Amino acid sequence: MPRGRPVDGFSLEYDRAGSGPPVVLLHGWPGARSDQQAVAALLRDGADVVVPDLRGFGGSDRHDRRPADAYSAAAQADSVCGLIEELQLERPVIAGYDVGGRVAQTIARRLPEDLRALVLAPPMPGIGERILAPKAQREFWYQPFHQLALSDRLIDGDARAVRAYLEHFWSHWSGPDFTPEPERLDALTALYARPGAFRASIAWYRAGAGALAHSLAERPPAPLDRVAVPTTVLWPEHDPLFPQAWSDRIDEFFADAELRRLDGVGHFVPVEAPEAMAGAIRDRLPRGA
């Protein structure tokens, strides 16, 4: 598999297929670039589609460094921006969900003129202190757990524990009509069960980049400081982490955003509804692409 040039010592492994205007697809946790496989297949006839593993995930580099320095949203964005520059992707559409969506937003704030559009699924800004409600806290228990060294001791390097842990999230966070394929869980288990791989994947949370810490710290920007990149937000109906009612403040953070609600879909939008994500991306590509 191709790998990008190292940025701060991290090289990203990626897939690339198709030709046309560029698209970058970013995955979430607990996933890998395979999350976006079906979306990429739907786009490659009319777009140059690049799908990397983020730092610490899949085939990309993982290093035992201070999470705030190496695995924050800004650090992840450094690597994705480096790959975009290396591959000479001119004004790509970036699409992502979960961790990938947050990284995409970070890039858009940093380089608004260098992107054509964003296509995002939650988390989105505007959640605020609603994340502290008892119902929400029953869902976000895993983020404080990831801060504990105990999570490493219980899960890292233990294939059975990794499989059980990943299966819980892929089953509980998905929509009512979706069941994760055993083959998908097998492949993710093989990636996450390597010694140090689980620890690297949760470095995102240890960097303070998870939804819990981020939502409590965020403040609406001044109108001229809102994300200027045209954005499509895909908000699923059955995501237990991010209810659709939390979509009410998107315009406080984005200057040009379209909200599309996805009926019947859970958290894993590119896996559960690849046609919806691919369609939203096509709508943001140049006409005739």
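This is a predicted model: local features need pLDDT of at least 70, side-chain atom pairs count only at pLDDT 80 or more; totals for chains, interfaces and linings use all residues.
Local features need pLDDT of at least 70 and side-chain atom pairs count only at pLDDT 80 or more, while totals for chains, interfaces and linings use all residues. Residues are numbered from 1 along each chain, and side-chain values use heavy atoms, without hydrogens and water.

Helix H8 (residues 159-172) packs against helix H9 (residues 182-192) at about 130°, with the axes 9 Å apart. Helices are DSSP runs (H or I, at least four residues) numbered from the N terminus. Axes are lines fitted to C-alpha atoms over the stretch in contact, and angles run from 0 to 180 degrees between N-to-C directions. Residues in contact (heavy atoms within 4.5 Å) include Leu166 and Trp170 in H8, and Leu185 and Leu188 in H9. The residues of this contact comprise eight nonpolar, one polar and four charged.

Three cavities of 30 Å³ or more were counted. A cavity is a set of points on a 1 Å grid where a 1.4 Å probe fits but cannot get out; lining residues have an atom within 4 Å of a point. The largest cavity holds about 90 Å³. Its lining has 13 residues, and Asp98, Pro123, Gln143, Trp204 and Ala211 are the closest to its centre. Helices H4 (99-110), H6 (142-146) and H11 (203-206) each give two or more residues to this lining.

The second largest cavity has a volume of about 60 Å³. Its lining includes Arg102, Pro123, Ala211 and His214. H4 and helix H12 (211-217) each contribute two or more residues.

Notes: Ala, Val, Leu, Ile, Met, Phe, Trp, Tyr, Cys and Pro count as nonpolar, Asp, Glu, Lys and Arg as charged, and the others, Gly among them, as polar. On a 1 Å grid over the protein atoms alone, a cavity is a set of points where a 1.4 Å probe fits but cannot get out, and a pocket is an open set with protein on both sides within 12 Å along at least five of seven lines; lining residues have an atom within 4 Å of a point. Grid points are joined across faces, edges and corners, and a volume is the space filled by probe spheres set on the points.
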